[in-house]
Amino acid sequence: MPTSKPVAAVDLALQTIAPYDRSDLRTRLQHARSRLLDGRVRVLIVGEFKQGKSLLVNGLVSAPVCPVYDDVATLVPTVVHAAATARATLVRLPAEDGGTANDSDGELPAMERVEIPIAELAGHICEAGNPGNAQRWHHAEIGIPRVVLAGGLELVDTPGVGGLNSVHGAATMAALPSADAVLLVSDASAEYSSTELEFLRQAKSVCPNVACVLTKTDVYPDWRRIAELDRHHLRTAGVDAELLAVSSTLRIASIESKDADLDSESGFPALIAYLRERVVGQADQLARRSTAHDILAVIEQLAVTLRSEHAAHADPESAQTVIAELTQAQQRSAALKERSARWQHTLNDGVADLNADIDYDLRDRMREISREAEEEVDNGGDPHKIWDQLSSWAEQEAASAVATNYLWTTQRARWLADQVAEHFSTEGTEVLPKLRTETGDALEYVREMQLREGEKFGTSQKALSGLRGSYVGVLMFGMLGTVVGLPLINPFSLGAGLLLGGKGLADDRRRILARRQSEAKAAIRRYLDDVIFQVSKESRDMLRRVQRDLRDHFTSRAEELNRSLQASLASAQRSVNVSATERKRRLAEIPGELDKLEKLQRKVRTLVSDGDISNVVPDLSPEHAPSDSPASQSPITALS
Amino acid sequence: MTGAAQLNGAVRGLLRLAAKSFADQPEIAHQLDEQLRRLDQPLRVAIAGKVKAGKSTLLNALVGEQVAATDSAECTRVVTWYQDGPAPAVVMYPQVGAPRPLPVQRHDGALVIDMQATAAEEVERLLVDWPSQSLREMTLIDTPGIASTSAQATHRTVTFLTPADEAVTEADAVVYLMRHLHATDAQFLESFRDQAVSQASSANTVAVLSRADEVGGGRVDAMSSARMIANRYRTEPALRGLCQTVVPVSGLLALTGRTLRRAEFAALTELARLPRAESDAALLSVDRFTSSGTAEPSRLSARAADDIVSAQTRRRLLDRLGLFGIRLSVTLIRQGTDSPAALAGELLRRSGVYELTEVLRTLFTSRRDLLKARSALLLVENALTHKDLHDSARKALAAEIERIVAGAHELTELRLLSAIRSGEITLPDGQAAEAERLLGGSGVSTAVRLGVPADSEREALRHAGMHLLGQWQTRAESPLSGRANAYVCRAVARSCEGMLVALSATETHSDAGSPAKQS
């Protein structure tokens, strides 16, 4: 397990700080520990349909877990992760109970889980067995014991149905920010299309690792040229992503024949190495980095207290100046805790701005869709005839608008977190908590667009309205005729009856068409309203979660700082009054304690450099080491 | 049919009249003139589709020679016309300036067009004259792929096939290639539907499931798998309204089948002689098949293959046939296909190109006059919106168009066909299929329309015709039919009448109808 070393380090640190009565620091380390333990690394496998995504997953785990067909495509996202025994679970949202399934604190609703035999999976997650996902599965989970998946690696086979720019594509987009890596799968028959390049560009902006996988190299003689062209396209588009060529067929053949040469030809070893080193490695590196940061910060705070005590004991004359400095620092750090602190303002204002902005953005997008749809209805004659097309168009547009809106929200939220962190450290060393920007599928709760059957205009209705018109006509003109002595039924009144009957019929038809059009427009508007309602609730919840996480994170940081300074202050003040023997004892003790902390510090540093592959940790360089800086300086500069 | 000839004459008159009205607008007059000449030319069939769908390969397969350049990278960047001519010639039409002849170069049997450093953006189109039997029936137009990485190439195709307003599309019919039914494909097909005059949308479009040999990674049963996919697409409501039918075709297999060389057959025979296990191992992947074999001692199989067929030959075979083609050929030879001609025939049969040419023949070439007339009517109708046209002339032209459209039952047939297919008009179950067939949805020959065997006696044809006529007349008069449905039923009955009239007219001549020729 790659996480075992950081966990051991955290345990050691917990032991070391046990003698100091600092529950706040202990909680921080315990948080770090639990974060390490459930670290999952999500890899999204995306691409146009029929490019070999499911087969790629099968090749990676060397088992036919995802169903593969020549024709129909996967419909439900499939998550493949490590487990002790092979098992498959289908997951869906609980049966509809309106849009209020989310409780007020914004937690995602509980899912309904059904365990099934792996062999039956195909019947549930493919177009063939479950057309249009009538069973409403949200996703499927497959557990399988595999070394490849160690280290919390999770492969997500995304649906290819409809291609990248469809409703499903939009759902894939929305999953991007929560992924640790994205593999774009494209087969070697053709170079990248503009859609694929656009997708890569967007993926790159929100996801740390994006790689391109060129599949089916066993069938296409010119795959090397295609790979070269694709690399060229990537360069021109300014997307910095690695391109790996693989052949799932060869990989599967190599597993059957246990032929190592064939395996290396299939390109899978390189892909697995990429996943292990770059994706899992980087996630591991990130985990080590944040763990090291946590431990170092804790040590630092304890060391500051010890050092100021030491200084006060060693030179009682200067104790007063130390106390004065510390008091000042403590006052400043106390201010950080206050609600009126600057970072609080930044956070609150930022979230409020963000709320307003994304709401506006969402409404604007929906308005545009509604406008276009209404134009279409106005030009399209009877909306009943084009309703299927129109409603699926509107749904797709809405889904992709929501996805774009959501990506933007995530980006802005991350930026906001950085802004707030700047108040705490000028060097940008603050490791931010992982923002919980995942949202539920808001569109799941949106009620389907429905056009009421409305008034039928069948033969009997037509006959009736024609009759009504002609009756009035005959009566009217017949009565007029009686004035000049004609019978009630005469050629004129009959003619008028026919005319008015025809007119009545035409009027009714026009009226019904107009009503249908306005009903169609209303249905679309209602749907978009629903989308806005649900999505804005989702994104408000998400922002609230982000806000709460950031506030808790920074408040606890501020509190820790404050407590450390208070402790330093208290010990410095104590040192003024203590007896000479006591002073001597402490002076002898403190270097030992500091030494212990320094040892831990060194150990933690090796933790980072051990797993350091790409040298991604410039911010923990030795010049920040507390031993080099004056005793009380570093927490104080952190406040400025 | 005589109706089509009459229609042709009427359209000719209309075009002349329009040309007169636009005498002071040389540009439009020229267009109309051009259209008039077009009526006598072969049908223009554009081959369209997404980038890398295999358009140029299919065009080559239809012509039977390497006239369009093919490459694994995006390759066709200019709209290129291929028409029948006495001798090979290439002419470039730049966006500005006079047409320029280009030298005809052949490299390894393939035509190479050198645009002489002219950028693709500056060229409106290329015109290639090529003596070929297949081009005598229809002029083929190769287009750059849509959804290409180069936005301009996409733009060129889209403007060519669906011009913004002014001009009318230059193609009379479209063969749309797709590898899978993709959102972009449906969108494009939809935009190709045209409005106005004939309102026949799907009538002039056929979809092709291209590169069918690559389905499922080139397994030996790839073509039958492709056939099943095509069957499914054919019944897909989204696609039904957009095209006439879907045919799976492997362009590469068809082209090689038409041009198979003796040396290639010999090499394939050698491969087939290898023990099955060895040839299977060599055919596992393209790299294994082409690797020289000496680099790594572990690749025994590849080395064995190398002894008998050189690496260079194998590479060429791969380009010509693809992995599927080689697998198929080796299997066929093992099963007893023993001559180049027999293998070529088998490849052609399996490539699906026969089905495609048959579909093109029944749906397009036999309707040539009709489709041409339709294009012409569209052009004139578009010209009516021109602001400098006199009101009197406009009225006269509009009336003439109306007269032609109302009088041409063939146009009505086309319009109704697509209305039924797109679901605009819904007929009761069972009636829709029959109506489509009678309106000429699966072919215009009398036997096909009546749904009787192609070699039926005239008497049998007439009998079937009378029976159907009676049925549809009853339906048309049934008070339960809605107005639209009654209209369709009357039109179908009219089609039946037309066929019966044609049958009795030919009675005095030698033979009836035009039953489907050999396939």
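The model is a predicted one, in which local features need pLDDT of at least 70 and side-chain atom pairs count only at pLDDT 80 or more, while totals for chains, interfaces and linings use all residues. Residues are numbered from 1 along each chain as its sequence is written, and chains are lettered from A, and ligands numbered from 1, in the order in which they are written.

The two helices, α9 (residues 251-258) and α15 (residues 340-351) of chain B, pack at an angle of about 155° with their axes 8 Å apart. That angle makes α9(B) roughly antiparallel to α15(B), since angles over 145 degrees count as such. Axes here are lines fitted to C-alpha atoms, for helices over the stretch in contact, and angles run from 0 to 180 degrees between N-to-C directions; helices themselves are DSSP runs (H or I, at least four residues), as are strands (E, at least two), numbered from the N terminus. On the side of α9(B), Leu253(B), Ala254(B), Thr256(B), Gly257(B) and Arg258(B) meet Ala344(B), Leu347(B), Leu348(B), Arg350(B) and Ser351(B) of α15(B), where contact requires C-beta atoms, placed from the backbone, to lie within 7 Å. By class, this contact has five nonpolar, three polar and two charged residues, with Ala, Val, Leu, Ile, Met, Phe, Trp, Tyr, Cys and Pro counted as nonpolar, Asp, Glu, Lys and Arg as charged, and the others, Gly among them, as polar.

Where chain B touches chain A, the contact takes 29 residues from chain B and 33 residues from chain A. On chain B, α7 (222-235), α12 (286-290) and α14 (311-334) each supply at least two residues, and α7(B) gives the most, with four residues.

One of the buried residues is Leu234(A), because 21 other C-beta atoms lie within 10 Å; Leu234(A) is found in helix α7 (residues 223-237) of chain A. Beyond its neighbours within four places in sequence, Leu234(A) is in contact with Val239(A), Ala241(A) and Leu243(A).

Definitions and conventions: Contact = placed C-beta atoms within 7 Å. Parallel < 35°, antiparallel > 145°, perpendicular 65-115°, else oblique. Buried ≥ 20, exposed ≤ 12 C-beta atoms within 10 Å, placed from the backbone.
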